[in-house]
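Me: Hi! Could you walk me through this structure?

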Amino acid sequence: MKVGVIMGGVSSEREVSLMTGKEIVGRLDPSKYEVLPIDVAKREELIDRVRGIDFALLALHGAFGEDGTVQGVLETMGIPYSGSGVLSSSLCMDKNLTKRLLRAEGVITADWVYLDRSMFADGSWEAQVAGLAYPLFVKPNAGGSSIGVQRVDRQEALRAALAEAFRWDASVVVEFMVTGQEITCPILDGELLPVLGIRSNGAEWFDYEAKYSDGGAEERPITLPAEVESRVWEAALACYRLLQCRVYARVDMILQDGVPYVLEVNTLPGMTANSLLPRSAAAAGMSYGELLDRIIELSLAER
């Protein structure tokens, strides 16, 4: 079977995607697959580059990759691909829509304000954020890997943080800060893998450097009290089902006083050497190669 590992892309997460893609290429079993690395640097390249492959293993992150766009192209071409479909990918990429759906379903997520670029340009954003309690997090609405994300501790710094976030996206979420234990809940085939606790080494929060630098953070399986574990499992699986995720996903949370607050749902979790999904799979006794085999098997059945 000819497996095309699609990586790179055109988003702010291109470099992370290349790291993921190169790791995947090196871990796929050459006795099972004919592996074809496909670095997509321009949108118009995709159709020609994927012709003739039997399966697309997506190592993309961000816009044009994680947002349903590439999935739609592959569906049109009749090429099976890894992970969630068009609708789920699009919904989970949009933090504001994800949070609105979760809130409607009764899943706990931090309070937030949604702003678009026109509101920033005409100054109407100021009324939206008036009276907010600090600290806050400012995030590009459709970004990932913490690119463009800033913690804001005082009102005077908010405008600059918004300007930076709007460099990366046309809309932004301003989110109330939830303090506590950061955890991540990888899901494979609708079942939870070991939950990992995250502690950044030297950073105030789990930022880009903590995520992708060797030794930037400690990420280990965590033992939770039975009642808290039950809440975490219920929230993670509720997200997976509600947002129609398929094959695999990762739900990020913060535990505050034993209550899980969902931060976001990732339909194409990172797969670098330092990434959370492979670490969780390893804790479950599954090698990186076995994880890839399982993702391919499940995705082929799904498509």
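Reply: Happy to! This is a predicted model, where local features need pLDDT of at least 70 and side-chain atom pairs count only at pLDDT 80 or more, while totals for chains, interfaces and linings use all residues. Residues are numbered from 1 along each chain as its sequence is written, and side-chain values use heavy atoms, with hydrogens and water left out.

Me: How many aromatic pairs does a search of the whole structure find?
Reply: The search gives 2 aromatic pairs. Rings of Phe, Tyr and Trp (its six-membered ring) pair if their centres lie within 6.5 Å; planes under 30 degrees apart count as stacked, over 60 as edge-to-face and the rest as tilted.

Me: Why is the pair of F120 and W125 described as it is?
Reply: The ring centres of F120 and W125 are 5.9 Å apart with the planes at 45°, so this pair is tilted. Together with F166, these two residues form one aromatic cluster.

Me: And W125, buried or exposed?
Reply: W125 is buried, because its relative accessibility is 5%. Buried means under 20% relative accessible area, exposed over 50%, and partly exposed in between (1.4 Å probe, protein chains only).

Me: Which rings have the charged end of an arginine over them?
Reply: R27 has its charged end over the ring of Y288, 4.5 Å from the centre. For R303, the ring is that of Y81, at 4.0 Å from the centre. The cut-off is NZ of Lys or CZ of Arg within 6 Å of the ring centre and within 35 degrees of the ring normal.

Me: Switching to backbone: where is the cis peptide bond?
Reply: Between Y134 and P135, with omega about 5°. P135 lies in the loop between α7 (125-129) and β5 (136-140). Helices (H or I, at least four residues) and strands (E, at least two) are DSSP runs, numbered from the N terminus. Most peptide bonds are trans, and most residues other than glycine have a negative phi.

Me: Which residue has a positive phi of about 75°?
Reply: V247, although it is not a glycine. V247 sits in the loop between α10 (226-242) and β12 (248-256), and is buried because its relative accessible area is 6%. D189 also has a positive phi, about 55°, and counts as partly exposed at 41% relative accessibility.

Me: Last one: which residues are buried in α1?
Reply: V16, S17, L18, T20, G21, E23 and I24 are buried there.
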